[in-house]
Amino acid sequence: MKRMTDLPGTIPIFPLPGALLLPRARLPLHIFEPRYLAMLDDCMKTDTRLIGMVQPVAVPGRSEKGLQRIGCAGRLTQFSETEDGRYMITLSGMSRFRVVNEIDGFTPYRRCAVAWDGFERDLDPVEHDTSFDRDRFLSRLDRYFKARDLSADWETLRDADDELLINSLSMLLDFSPEDKQALLEAPSLSTRRETLVTLMEYAMRGGEGDRMQ
């Protein structure tokens, strides 16, 4: 699947708060709810094996949460079943998409009609950040980790390529769902890196309240 025309117009949706998937990145997931076990079984019967990760959002007057307009689809590339019927899976990020509308149906999980146009670069082999100052970025990251009392494998961080480093941190660091959405919607790797730095600096200034005390 290397062209937008190869991607389906309808995909199953997994609305998981705070879980961020990015193109060319990998997201491990633990699946145990019956509706998502059914989604996984149906997904494995398709040629594309795509699942759309979307941030849920509260909708006034509705008990069921709505969906952000932009998500990222991942291809099911690894899975294993536990003895009690749960699944450990890995999604490999393929492309972002826009939610066109939800589709009513008989499946216990949600499905959406989606549009892929505008995200053609997501299917490229890699994206580069030509203005990336790694030393300056790692210095900021070190200050952020110290402020949050976090540890890191600095040798691995120094050796990681630009995209892997920026996207992995975007996915792993403990930002709000709204901040994760901003990282997802960043139009380029450079913009995502700038957004990531802004979020770290905001947190270090105490912008996240008690978590920074």
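Aspartate 42 is partly exposed, with a relative accessible area of 30%; here buried means under 20% relative accessible area, exposed over 50%, and partly exposed in between, with a 1.4 Å probe and protein chains only. The model is predicted, so local features need pLDDT of at least 70 and side-chain atom pairs count only at pLDDT 80 or more, while totals for chains, interfaces and linings use all residues. Residues are numbered from 1 along each chain as its sequence is written, and side-chain values use heavy atoms, with hydrogens and water left out.

**Salt bridges**

A salt bridge is a side-chain nitrogen of Lys or Arg within 4 Å of a carboxyl oxygen of Asp or Glu. The count by this rule is 14 salt bridges.

| Glutamate 64 | Arginine 110 | 3.9 Å |

Helices (H or I, at least four residues) and strands (E, at least two) are DSSP runs, numbered from the N terminus. Arginine 110 is buried at 12% relative accessibility, and glutamate 64 is partly exposed at 42%.

Glutamate 127 is buried, with a relative accessible area of 16%, whereas arginine 121 is partly exposed at 47%. Both belong to one network of Arg24, Arg121, Glu127 and Glu163, joined by salt bridges that share partners.

Helix α6 (residues 189–204) has 16 residues and should span 22 Å at 1.5 Å a residue; its end C-alpha atoms are 23 Å apart, which agrees. The expected span is 1.5 Å times one less than the number of residues. Among the buried residues of α6 are Leu189, Arg192, Leu196, Met200 and Ala203. The buried residues of this helix pack against β7 (87–102), α2 (134–147), α4 (162–172) and α5 (177–185). Just after α6, glycine 206 takes a positive phi of about 95°.

A nonpolar core is a set of buried Ala, Val, Leu, Ile, Met, Phe, Trp, Tyr and Cys residues joined through side-chain atoms within 4.5 Å. The largest such core has 61 residues, of which Phe97, Trp116, Phe137, Leu196 and Met200 touch the most other members. Leaving aside residues up to four places away in sequence, leucine 196 touches Phe137, Ile166, Leu169, Ser170, Leu173, Phe175 and Leu183, where contact means heavy atoms within 4.5 Å.

**Strand β2**

Strand β2 (residues 26–31) has a covered face of Leu27, Leu29 and Ile31 and an uncovered face of Arg26, Pro28 and His30. β2 pairs with β7 in the antiparallel sense over 6 bridges; two strands pair if DSSP finds at least two bridges between them. Histidine 30 has methionine 88 of β7 as its bridge partner.

**Cysteines**

The structure holds 0 disulfides, a disulfide being a pair of cysteine sulfur atoms within 2.5 Å. The sulfur of cysteine 43 is 14 Å from the closest cysteine sulfur, in cysteine 72, too far for a bond. Cysteine 112 is likewise in no disulfide, and the nearest cysteine sulfur, that of cysteine 72, is 14 Å away. Cysteine 43 is buried at 3% relative accessibility, and cysteine 112 is buried at 0%.
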